[in-house]
Amino acid sequence: MFQGFNTEVKRLIVATAIAGIIGLLVDQLAWALLLTAAWYIGWNLWQMLRLSIWLQGKRKAQPPESTGLWGEVFDAIYHLQRRQKREKKNLQAVINRVQETTSALKDGVILLDWRGYLDWWNPAAQRLLGFYNSDQGQSVLNFIRHPRFVEYFEQDDYAEPLDIPSSRFPDKRLQFQITRFGKNERLIVVRDITQIFHLEQMRKDFVANVSHELRTPLTVISGYLETMADNNSTPAWDKPLVQMQQQSKRMSLLINDLITLSKLETADTGFNQKRMPLEPLLQSIRAEAMVLATDKEQTITLDASADITVVGNEKELHSAFSNLVINAVKYTPEQGKIAMRLWRSGPSVYFSVTDNGAGFETKHIPHLTERFYRVDASRNSKTGGTGLGLAIVKHVLLRHDAELQIHSEVGKGSVFTCVLPANDGRTGLRPNDK
């Protein structure tokens, strides 16, 4: 570009010098310089016109021939056009590739602009949701009107997916996962989880039915074992009968926990909920735990304010809190200390159970609420645990819009904390509140 500029400067100097010499010869210096300036301006205007005609015409044509600065301008624009065409071609190839890839997906993919309007979707999304080409540019809420999806779409947190029935196919179940990108644009992935949903329902029904069917024969077996133990006169049978009674009791606890889990999974959220004080409930749980802790000479303390209330199902919360305290009793050594504490901070109510037991490594925390998960397989055989206690706690808290926080250090003990919404006049009551 500087070479062209230098050429233009030289051209102007030469033209001015020639005009000056001619002007001096004819004694018309001013007119000679004026005509030279007019010629130079006209020449530049002509180059501008040629540039305009070329840009407005067929750009595939070669640029106008010129020298100096204008020649470099024409060449630079021409090379810029060619580079733009190559980049556009490459970008189009990438877009075509992405579209081909997403078209092969069984999951639906939807792109929304910053307003939440439909921008693009793949064939799977069209099949699952019934979009047409004419729907482009319309709000996605015009097509997915389920109240839970509207609430999910308008929130800021999309960490968890949403499962709802399909509005187009009543027998299908769809899962939506939203991800933000770009300038507040959104990507929606739609999956058909009908088969997984039905399998989960079958699992729940199977567990519930088997649990109920096992309860009656186990009761009969336990009754006969108790009778045999009372009437046993053979010392050799003492140990086998005690072991059989222990395992029968453990099986009974397992069945009861399975039935509890089944009820939590199938009952409607909000069932039989009311406003209730927590301090009397915790006093009752402490009294029950003290009976279990007597043989181990453990100390169980309760620090709770009498004016703290929550909206919840008393039976379910009793089950959750009791499981935490009983677990602490089981896994805390003799003469250990267990602290129950209830307090409120801001819009949340906290209930914690702290023990000075053996504790466990941090890697186990994400799995503790899974069914039958064992930190140490030998621990449950010694304590008689079913491996379902924390799973029950998790389900109860989920049904109360609450969460379980776990902290533990090996050799120092563990802290299990339930965080519940206060749901008082400051945060608003739910429809089922009384």
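These are my notebook entries on a predicted model, from the whole chain down to single residues.

**Ground rules.** The model is predicted, so I take local features only at pLDDT of at least 70 and side-chain atom pairs only at pLDDT 80 or more, while totals for chains, interfaces and linings use all residues. I number residues from 1 along each chain as its sequence is written, and side-chain values use heavy atoms, with hydrogens and water left out.

**Overall.** Along the principal axes, the C-alpha atoms fill a box of roughly 145 × 50 × 45 Å.

I then checked burial: 35% of the 434 residues are buried (under 20% relative accessible area, with exposed over 50% and partly exposed in between, 1.4 Å probe, protein chains only). For contacts (heavy atoms within 4.5 Å), I took pairs at least 6 apart in sequence, and 58% of them join residues at least 24 apart.

**Helix α2.** This one covers residues 29-56, which is 28 residues. I get 41 Å from its first C-alpha to its last, close to the expected 40 Å (1.5 Å times one less than the number of residues). Its buried residues include Tyr-40, Trp-43 and Trp-54.

**Strand β1.** Four of the five residues in 108-112 are buried, so β1 is largely enclosed by the rest of the structure. I found it paired antiparallel with β5 (residues 185-192) over five bridges; a pair needs at least two DSSP bridges. Val-109 has Val-189 as its bridge partner in β5. β1 also pairs antiparallel with β2 (residues 118-121), over three bridges, and there Leu-111 stands opposite Trp-120. The β1-β2 hairpin has five residues between the strands, and Gly-116 takes a positive phi near 90 degrees.

**Five-stranded sheet.** Next I traced an open sheet with mixed pairing, in the order β7-β9-β10-β12-β11. β7 (299-304) and β11 (403-409) are the edge strands, each pairing on one side only. The twist averages 15 degrees from one strand to the next. β7 runs parallel to β9 (residues 337-345), joined by six bridges, and Asp-303 stands opposite Arg-341 in β9. Helix α8 (residues 279-293) lies across β7, β9 and β10, at about 175 degrees to β7. For that angle, axes are lines fitted to C-alpha atoms, for helices over the stretch in contact, and angles run from 0 to 180 degrees between N-to-C directions.

**Ser-352.** I picked this residue in β10 (residues 348-355). Is Ser-352 buried or exposed? Ser-352 is buried, at a relative accessible area of 5%. Leaving out residues up to four places away in sequence, Ser-352 touches Ala-339, Met-340, Arg-341, Trp-343, Val-415, Phe-416 and Thr-417.

**Helix α11.** Last stop was residues 389-399, where nine of the 11 residues are buried, so α11 is largely enclosed by the rest of the structure. Among the buried ones are Gly-389, His-395 and Arg-399. Asp-401 follows α11 and has a positive phi, near 55 degrees.

How values were computed
Helices (H or I, at least four residues) and strands (E, at least two) are DSSP runs, numbered from the N terminus.
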